[in-house]
Amino acid sequence: MADFKTFADAIHERFTAMSGSELYVVDAEGIWSAYLSAFPTGSNPMFRERTEHDCSTCRHFARNVGNVVEIADGQLRSVWGGLDLPEPYRTVSAALDEYVTSRPIVGIFRMSEPKYGTQQTRSLVGETVETWNHFHGEIVERHRSREVATVRGEFLASVQVFRRGLEELSGSAIDTVVDLIDNNSLYRGEEHMRAVTGFRSLLNHYNQLVGEARNTYVFANASNPAARFRNTVIGTLVQDLSEGMSLEAAVRSFEAKVAPANYKRPKALITPAMVADAMKTITALGIESSLERRFAHLADVGVNDVLWVNRDVRPQMKDGSIADILMAAATTAPRRDAAAEPISIADFMKNILPGATDVDLLVKNANEPNFCSITTGANPGSPSILKWGNDFAWSYGGNVTDSIKEKVKRAGGNVAGKLRVSLSWFNYDDLDIHVIEPNGNRIYYGNRQDKLDVDMNAGGRSSREPVENVSWTWNIQDGDYRVEVNNFAKRETVDVGFVIETESAGVIQNYRYDKAVRNNETVPVGVMAVEDGKIVKFAPGKDIIGGSASKDIWGVRTEDFVKVKAVMYSPNYWGDSEVGNRHYIFALDGCVNDQPTRGLYNEFLKADLDKHRKVFEVLGDRTKCAADPDQISGLGFSSTSGATITAKVTSGGRQRLLAIQF
């Protein structure tokens, strides 16, 4: 009979060849019995009490490695298959290959040991020392783990999510979402198109399979990023549609999860019959010419509709000069203070603004959602369609979100924890955030501990808007947290520096570093003191500057003071109108919204048009105001926003720094 070593060496060579790809295990509980019974009669003689090949080493191999398979072209291949062996091992390997490949996959293959089996053992038989050969070999690194149970469990969780998605999400629901994205009818839908189409491709392939081939397909693709589609925010939209939820309700639910308070709204879903009905009302009211909108100019606005205007722009106002009406005699202001004095918006409007000759606002990056524009009808004399009688409205640009928090959220990071530290930078460098906890534990890419959940630009160029994120949801230690940034791989010399954002108890703070970070250099960002889960102090490191990096928004440079041209209420409070919530609008010098802007919102329209809300939702989206250099744009603040803005007010040749509270 052939030497068993030939059999063992062939199995090891086969296993080594398979180890270059992912390996799985099948449900082969009876493999040991199958192995022993596969030997032809007489080829496995008795040795002492047992047959020759019945040893603990072989049994351990059969149960822990003999059930391993790879997936190639949708088919299972075992360690026993495709071997050119002498008898009886040819018969044994063929029987085991048939048995293993007929069984279903139940998990991923991982072992903690670096090898399996023992090459040889020796025993004394009478006066003769016998040498016995066994199955043996090494387990390559990719199939080893110190946390075998954890790795297997995480993989099975991915399998379960993927399988549920394939079984519960319908192709028709996916096609509907693709249509919404193609038609720009889903808020930021284009960001999810790749995920939707990626899962659709997997689902289409899965639906063409039957029986056990489906199970094999699920395991083979469980590591695909699209496999966890069901648990993503866009996946919940498909899930709702698959379960029969109405399209409008499903889309509303999706937007509630991903959209900020002020965003450029998507098109509503309307039918031709709804359009025809709305057109009857529009024609009957004679308001078709009122639906065309444009940006408003200062020349359009009357004297009584403005609370304050800078003297340099007075000649632009409608109804002539308003020097005698709006500009009170200059008053002598106290000396300029080093710190901003807190003042309510009511006191500012009543006691400060009338005597001001110049007003400048400190525009911060955090004010990006506050950028707004005044709009009006494009055809003067057309009937008003707005609740407050005049033809003016306003539109916020909050759909243009670029905060670090939003970037982290889009990248899949946790922004809902009790404590967060995020890193943002602006080029292809591979920066890494490190946070050393009070107990000395270092959180970084090599020790994530479920706290570092976003790590971008590792391994090569990926994004010019990268972020990293560390967050704590519970068990937050009191004490000092050291924050550092290391440049693991420097790739560019432009757009250098970075910004660190911290958040706790709803308070967000930014700290920036404007210098280039050299290759392998570590920058000490600062020490963050935490008590009761809240940041009570942040001591910045050398060259770390409080505040965000400046950028251009609508022609305005942030993190600097900007001249105010005029101050006004929102148009719903012009004249004798007091409809809805009041907004305070500061028109800024040089502020020009260069994007087509919505001029109509359903909540602005008269009650006569309320029954056609869906049609007007589409109309408002399709009749945007074209860009106009003479527009009135700036910052707007709701009277209930709770915001604070810093203003530099000149009066009587002196300045005051005021913190205006809304």
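Predicted model: local features only at pLDDT ≥ 70, side-chain atom pairs only at ≥ 80, totals over all residues.
Trainee: Which residue of β4 is the bridge partner of V25?

Mentor: V25 has V68 as its bridge partner.

Trainee: Where do β1 and β4 stand in their sheet?

Mentor: The sheet is open, with four strands in the order β5-β4-β1-β6 and antiparallel pairing. At its edges are β5 (75-78) and β6 (105-108), and each of these pairs on one side only. On average, neighbouring strands here are turned by 45 degrees against each other, direction ignored.

Trainee: Which helix lies across this sheet?

Mentor: Helix α8 (residues 212-221) lies across β1, β4, β5 and β6. Its direction is at about 5 degrees to β6.

Trainee: What are the partners of strand β30 (residues 560-569), and how do you know that they are paired?

Mentor: Count the bridges. β30 has two bridges with β12 (residues 308-309), four with β14 (residues 358-363) and five with β31 (residues 583-588). The threshold is at least two bridges, so each of these counts as a pair. The sense is antiparallel for β12, for β14 and for β31.

Trainee: Which residues of β30 face these partners?

Mentor: W308 has V567 of β30 as its bridge partner. D360 stands opposite K563 in β30. M568 stands opposite I585 in β31.

Trainee: Why are β20 (452-455) and β27 (545-546) called edge strands?

Mentor: The open sheet in question has six strands in the order β20-β21-β17-β23-β24-β27, with antiparallel pairing. β20 and β27 each have a single partner strand, so one side of each is left without a neighbour in the sheet.

Trainee: How many bridges join β23 (residues 498-504) to β24 (residues 507-513)?

Mentor: Seven bridges join β23 to β24, and the two run antiparallel. E501 stands opposite N510 in β24.

Trainee: How much space lies in the second largest pocket, and which residues are the closest to its centre?

Mentor: About 1,100 Å³ lies in that pocket. Of the 25 residues lining the second largest pocket, H192, K409, R410, A411 and G412 are the closest to its centre.

Trainee: Which helices each supply at least two residues of that lining, and what is its make-up?

Mentor: The helices are α7 (193-207) and α14 (404-410). The lining of the second largest pocket holds nine nonpolar, seven polar and nine charged residues. K409 and R410 are among the closest to the centre, and Lys and Arg count as charged.

Definitions and conventions
Residues numbered from 1 in each chain as written. Heavy atoms only, no water. Axes fitted to C-alpha atoms, helices over the stretch in contact; angles between N-to-C directions. Contact = heavy atoms within 4.5 Å. 1 Å grid on protein atoms, 1.4 Å probe; cavity = no way out; pocket = protein on both sides within 12 Å on 5 of 7 lines; lining within 4 Å. Points joined across faces, edges and corners; volume = space filled by probe spheres on them.
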